[in-house]
Amino acid sequence: MPMALLEADVKIPERKKHVYIKQPGEDTKQYLPASNITTIPGSLSERGCSYCGAKLVIGGVLKDTIQIIHGPVGCSYNTWHTKRYPSDADNFQIKYAWSTDMKESNVVFGGEARLKKSMLEAFAAFPDKRRMMVYTTCATALIGDDIKAVAKEVQDELGDVDIFCVECPGFAGVSQSKGHHVFNIDWVNQKVGTVEPDITSDFTINIIGDYNIQGDAYVLQRYMDEIGVQVIAHFTGNGTYDACRSMHRAKLSITNCARSAGYIANELQKQYGIPRMDVDTWGFDYVKESLRKIGAFFNIEDRVEALIEREVAVHGPRLDGFKAGLAGKKVAIWTGGPRLWHWTKALEDDLGMEVVAMASKFGHQEDFEKVIARGRVGTVYIDDGNELEFFEVIDMVKPDVIFTGPRVGELVKKVHIPYINGHAYHNGPYMGFEGAVNMARDMSNAIHSNLFKLAKRDISKGGF
Amino acid sequence: MEDRIGLVYSFVMERCLWQFFSRNWDREENIRRIMGDVAKIQSGQEVDRSTNIANSHYADAKILASQLSQRFDWFDGLSWAKVNEICDGVIEKLMDIAVVNSLNAERNESKY
């Protein structure tokens, strides 16, 4: 029964091709869940929209860029408050949200004049910010507002500004994944190569597909500083607009989230000869391996080994302290896509845990090839999972803790299973050596919390 | 020999990511070059590092060769012919699962 029709899906049997339970001796030549295809009507999807993938995941992370959302106000609000990616620029990118606040009359008569007014107002309100991204949304795409023409007018009028237009409305694709794709390809074709960076080291790198969730990028930057590698651009964690325009000058791109940013890494290799090196920057042992690859590339292995030795001496015992309480505990990972394959072996090899179910919102078949190669026999693999499927899988695999987002997280709390925010973390960073310890600590706190034990008591039956 | 090819293949599948790049041609280039470099490194031959892309394959191969040495006590003592045979066998299996018989429908999508 490798592809499984869950009881929750009896009325929507099309879901069978999205749910896989790995059996001994099987591999992805035989079974590979369908993914990155349209959500089946009747399935309550957890997916986001394509505009969200461009804005919330990638563009909105930049610390020096005004983000104008050309659409109804909700499009801005709903991609503002749900991610925790700080910056060293006084958190400019998470303090503010900008919207053209389109109303019915603007939809009927066109929104270009309103957009231009909003762009000029925003530049006037933030005179030290001279970079802007403008996003079309469903409403403004449908009425055909030409945001590129408006952006050109504003650039010509102000002279000292640069504007990137993201034309990826919510309906552009089947999930947020389309937004990642559109942003990546338009950025590399329109903006990369338009700024020359100051080169301060023989060793130059792009860090691609890290979004500085609770400080991940700070950890990676510190490692690179210590081994003398200049980060040309972070795409886009704690990154800047102009640094991302200068990505063509790096000698190497290391790629963590290959789903959201593999496209630009591919194009940098194809267009500029900058190799794409995929790495795992989560996981205690994986981090050693990733740093060693960078060391081998630049012939600076001695510096890397010194860094690893010191970090392991500091954080290794801390990680060891959590192992006894986590070994043998069952984990479910229900996140976007890549964290499934980044985390499953790390949790099992570093901590002795068992990853018993994994669900991806927007992963492609490439992600399932990776995760099924790394994942256990007997584990349940789900694409675009729905709420009822999640509850059924909980009954099947009985996880001790679930990594997922706040929406699903609130649901699983109701069946008294602790969740950890798998998108924005509980208490990160989770990357690097210290991040692996933070992740282990959060799991330990969740699994051994007395609150959940108390919550399970049925007071109507004399629980107290 | 088949057992040893299977062990190295399983380790690569669990540990590495380069065999699952976006497109068929990227996958094939990575598989052939990185496993080819592993064979060269293990037998003390010179590896092409003349471009950044070649150097990247070398870096992946160097770390993989080191991991295989640590994991399998028989790996370091192999002759050039045996190392080559193992790496060729692993290439064949990786090509089979990631390129030739992969069910991933996006591998040949030119706009991926």
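## Salt bridges in the model

A salt bridge is defined here as a side-chain nitrogen of Lys or Arg within 4 Å of a carboxyl oxygen of Asp or Glu. By this rule the structure, taken over all chains, holds 45 salt bridges. The model is a predicted one, in which local features need pLDDT of at least 70 and side-chain atom pairs count only at pLDDT 80 or more, whereas totals for chains, interfaces and linings use all residues. Residues are numbered from 1 along each chain as its sequence is written, chains are lettered from A in the order in which they are written, and side-chain values use heavy atoms, with hydrogens and water left out.

Within chain A, the side chains of A:R245 and A:D162 form a salt bridge with an N to O distance of 3.3 Å. A:R245 lies in helix α10 (residues 241-245) and A:D162 in strand β5 (residues 162-166) of chain A, so this pair ties together parts that are 83 residues apart in sequence. Helices (H or I, at least four residues) and strands (E, at least two) are DSSP runs, numbered from the N terminus. Both A:R245 and A:D162 are buried, a term for under 20% relative accessible area, with exposed meaning over 50% and partly exposed in between (1.4 Å probe, protein chains only). In chain B, B:D26 and B:R23 form a salt bridge whose closest N and O atoms are 2.8 Å apart, and B:D26 and B:R23 are buried as well.

## The interface of chains A and B

Contact, meaning heavy atoms within 4.5 Å, joins 42 residues of chain A to 33 residues of chain B. The two chains bury about 3,300 Å² between them, 49% of it on carbon and sulfur atoms; buried area is the accessible area (1.4 Å probe) that two parts lose on being put together, summed over both. Of the area that chain A buries against chain B, 18% comes from A:K29, A:F297 and A:E369, more than from any other three residues.

Seven salt bridges are found across this interface. In one of them, the side chains of A:E289 and B:R15 meet at 2.6 Å, N to O. This pair runs from helix α12 of chain A to helix α1 (residues 2-15) of chain B, and both A:E289 and B:R15 are buried. Another salt bridge joins B:D60 to A:K293, with the closest N and O atoms 2.9 Å apart. A network of salt bridges links A:D285, A:K288, A:E289, A:K293, B:R15 and B:D60.

## Domains of chain A

Chain A is divided into domain 1 (1-47 + 327-424), domain 2 (50-173) and domain 3 (204-305), with bounds from an automatic or database domain assignment. The centres of domain 1 and domain 3 of chain A, taken over C-alpha atoms, are separated by 28 Å.

Between these two domains of chain A, 17 residues of domain 1 are in contact with 16 residues of domain 3. The area buried between domain 1 and domain 3 of chain A is about 1,200 Å², of which carbon and sulfur atoms give 51%. On the domain 1 side, A:H342, A:D350 and A:A424 lose the most area to domain 3, together 36% of what that side buries. Two salt bridges are counted between domain 1 and domain 3 of chain A.
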